[in-house]
Amino acid sequence: MFDLLGTKLASRLLLGTAQYPSPATLADAVEASGTSVVTVSLRREMAGGKAGERFWSLIRSLGVSVLPNTAGCHSVKEAVTTANMAREVFDTSWIKLEVIGNHDTLQPDVFGLVEAARILCDDGFDVFPYTTDDLVVAERLLEAGCKVLMPWCAPIGSALGPVNIMALRSMRGHFPDIPLIVDAGLGRPSHAATVMELGFDAVLLNTAVAKAADPVGMARAFAKAVDAGREAYGSGLIEPRDVAVPSTPTIGRAVFS
Amino acid sequence: MKLIVNGEALEAKATTLDALLRELDYEGGWLATALNGDVVPAAERAEFRLSDGDRIEILSPMQGG
């Protein structure tokens, strides 16, 4: 079991709920992934409450915890207000804090992120900050009261996978006791396995599953990759070498000439 | 009075946020509201008086990543 801020989770895969071809596929993908936590958002309700009701009923029927986000917020004020609205609607102190700083890369505005995190932590939120792999920013977020960090490994929805392994490895090394969740940029199950092998505690992904030709199959594949990466990390990976080393014993080798 | 609700200008008879939700046929306990950028909790909507030109956001659960 994975202990995330006092909550015991059966899975180390957190799944987004956006972009699926249908609500039924979303439900099937959530089940196939084995996830314990899904991310949700708040948006303008244009159908008198009925659009939100349909989605919220579906999510509640899945028996998973929700992690509301502040996606699309570009200022501290927007993010803090959205977080407070999410806390009321979803009845949780968890918030995936996004303060976006760049339209093209959806890179977090780390200065606004730290400021918003401090306000929300002081107000009793459990803040899951969507951040970069910058160590100093990570330290500031921890000082602000965050108990978990969610660095990107590549831009949201890019499917590039971990583009800076050294930075991710460095984060793990610097913060051995902080839950680290790779959020954003994963495109393939092998990407998830790679970051789990580095010792990350979990991954959060959405597009790679939702936009796959078969989201349910891809959800299952990611679940296996996350488990495989985690078990590999716990089992002690060998270090790569530049020379060949025979795996079959050389002693007792037959001589035919 | 003239209000901006979810970015759209409209004319409403309601004088409180609670009454406005009913006037616009919003229903359900999963709505979140904000007035001029500040959260208005559900419990405070009935006593929250509206003024001409107020900007109101009415949000509900939606898919997210």
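Predicted model: local features only at pLDDT ≥ 70, side-chain atom pairs only at ≥ 80, totals over all residues.
Let's begin with Gly185(A), which sits in the loop between strand 9 (181–183) and helix 7 (189–197) of chain A. Its relative accessibility is 5%, so Gly185(A) counts as buried, the cut-off being under 20%. Beyond its neighbours within four places in sequence, Gly185(A) is in contact with Cys153(A), Ala154(A), Pro155(A), Ile156(A), Gly157(A), Ser158(A), Ala159(A), Leu160(A) and Gly161(A).

Asn206(A) is found in the loop between strand 10 (202–205) and helix 8 (207–210) of chain A. Asn206(A) is buried too, with a relative accessible area of 9%. Leaving aside neighbours within four places in sequence, Asn206(A) is in contact with Gly16(A), Thr17(A), Ala18(A), Gln19(A) and Tyr20(A), and with Gly64(B) and Gly65(B) in chain B.

## Helices 4 and 5 of chain A

Now to a pair of helices. The axes of helix 4 (residues 110–122) and helix 5 (residues 135–143) of chain A come within 9 Å and cross at roughly 15°. The two helices are therefore roughly parallel to each other, and helix 4 of chain A passes helix 5 of chain A in a right-handed crossing.

Where they meet, helix 4 of chain A brings Val110(A), Leu113(A), Val114(A) and Ala117(A), while helix 5 of chain A brings Val137(A), Arg140(A) and Leu141(A). The residues of this contact divide into six nonpolar, no polar and one charged.

Definitions and conventions. Residues numbered from 1 in each chain as written. Chains lettered and ligands numbered in written order. Heavy atoms only, no water. Helix = DSSP H or I, 4+ residues; strand = E, 2+ residues; numbered from the N terminus. Buried < 20%, exposed > 50% of the residue type's maximum accessible area, 1.4 Å probe, protein only. Contact = heavy atoms within 4.5 Å. Axes fitted to C-alpha atoms, helices over the stretch in contact; angles between N-to-C directions. Parallel < 35°, antiparallel > 145°, perpendicular 65-115°, else oblique. Left-handed = near helix turned anticlockwise from the far one by under 90°. Nonpolar A, V, L, I, M, F, W, Y, C, P; charged D, E, K, R; others polar.
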